[in-house]
Amino acid sequence: MSRALARPEWQAITQLSSRQGEGAAMEARTWLAPGLGWDRQRFTGPLPNRREDTILLTQSMDVSGRWMAKREAALKREEAGKAESGVRTAGVVAQVRGAFFEVVAARERVSRLDRALTRLGKVQEQVDRLHTAGEMSGLDRSRVRREMEIFKSRQAQEQAALGRAEAQLAVMLGEKAAELQGTLLPVAPEPLEQLLDRQQAGPGATMTRATEAAAQADAKAARRWMPDLQVGVGVKRWQENGLSGNGSVLSLGIALPIPSRVKGNQMKAEAEARAAAAQAKLQREQETSDLRSAWQEATLLRASAEHMSQEALQDPAKVETALEAAFRAGEMDLLARLDGARSLLEAELAALDQAQRARRACIALDRLLGKVNP
């Protein structure tokens, strides 16, 4: 997992929201930028050759507290951006884990088919001997060979699926995985109440709360309609007919607010705040519902997969031995023997499929919780 997350490509994708939020917060923390101006005036008329130069340094003053409210909104968006990066990272982890267990499941299916071919090969050898001894017809011999070809065909399909799964995992990791070790059947999920508490501290819930708080801070900034006060200080130098002098300058100014524009901004910000609150409420309800459903699915599939594994995957050799003994003793004919081999393989593959479904459900559950190191 660490190899995938260490790739620069995945880091660039997962950290985008965090970096954007950090940049906006850095800009919001910076005080309002000052201004520097220079002005020259020349006069004509009764006082010719008079010139005045003024250098003025101006600064906007946030007398309404609007800048502080916008700063609060930017900091909340920075928090939301970091949480969103956590959500994206959990998504990448889920994709890599899914690809990893696709390989594990594919290898296990190929292994089970190899064993099934070996078992059926012994049946074929026995049928060949009986056919040579004249105790079995050529039709029965052909039936066994056809069954072998069917098993080989399925093995080829699973081998191709394994190749695709390994290639997909290699793309995510940036390199081919040499050795993979993992158990397809997942552990049982934790109690639902613990997961619900953990979800509230996860990145998804954090992002929702921070986004809602940012919208509320924007609405607060819009309500503080008083314009910034422009304060300026500087120096003035004048020249006239060979004479010169210096003086100081102090200026104060405001931008006159337009009531309709102020009201429009307030209405827009209030509507966005109400929509953000509603969206946050719906999002929390949806996340809780999704978690409950995912937990139930993971619990049921895991229990079913465990039961099927105990029945089908624990000791297929005993089943094969019993089938072989019954066939040798004449208690079942060839068709029943082939049907038994086919049923044994189908049970093994069905148990693997159910274990894979349970693993996918657990991966989806961990993704909802924002787990990075499950």
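The legends below describe close-up views of a predicted model.

View 1. In soluble globular proteins, nonpolar side chains tend to be buried together.

**View 2. The surroundings of L184.** Leaving aside residues up to four places away in sequence, L184 touches F101, V104 and A105, and it also touches L352, A355, Q356 and R359.

**View 3. The largest cavity and its lining.** Rolling a probe the size of a water molecule over the atoms shows where empty space is left. A search of the whole structure finds 1 cavity of 30 Å³ or more, and the volume of the largest cavity is about 40 Å³. Its lining is formed by V103, R107, E166, L169, K176, A177 and L180, with helix 4 and helix 5 as the elements that give two or more residues. Sorted by class, this lining has 4 nonpolar, no polar and 3 charged residues.

**View 4. The largest pocket and its lining.** The largest pocket has a volume of about 510 Å³, and of the 19 residues that line it, R66, K70, A221, A222 and N265 are the closest to its centre. Helix 4, helix 7 (203-223) and helix 8 each give two or more residues to this lining, and helix 8 gives the most, with 6 residues. By class, the pocket lining has 10 nonpolar, 1 polar and 8 charged residues.

How values were computed
Residues are numbered from 1 along each chain as its sequence is written. This is a predicted model: local features need pLDDT of at least 70, side-chain atom pairs count only at pLDDT 80 or more; totals for chains, interfaces and linings use all residues. Side-chain values use heavy atoms; hydrogens and water are left out. Contact means heavy atoms within 4.5 Å. On a 1 Å grid over the protein atoms alone, a cavity is a set of points where a 1.4 Å probe fits but cannot get out, and a pocket is an open set with protein on both sides within 12 Å along at least five of seven lines; lining residues have an atom within 4 Å of a point. Grid points are joined across faces, edges and corners, and a volume is the space filled by probe spheres set on the points. Helices (H or I, at least four residues) and strands (E, at least two) are DSSP runs, numbered from the N terminus. Ala, Val, Leu, Ile, Met, Phe, Trp, Tyr, Cys and Pro count as nonpolar, Asp, Glu, Lys and Arg as charged, and the others, Gly among them, as polar.
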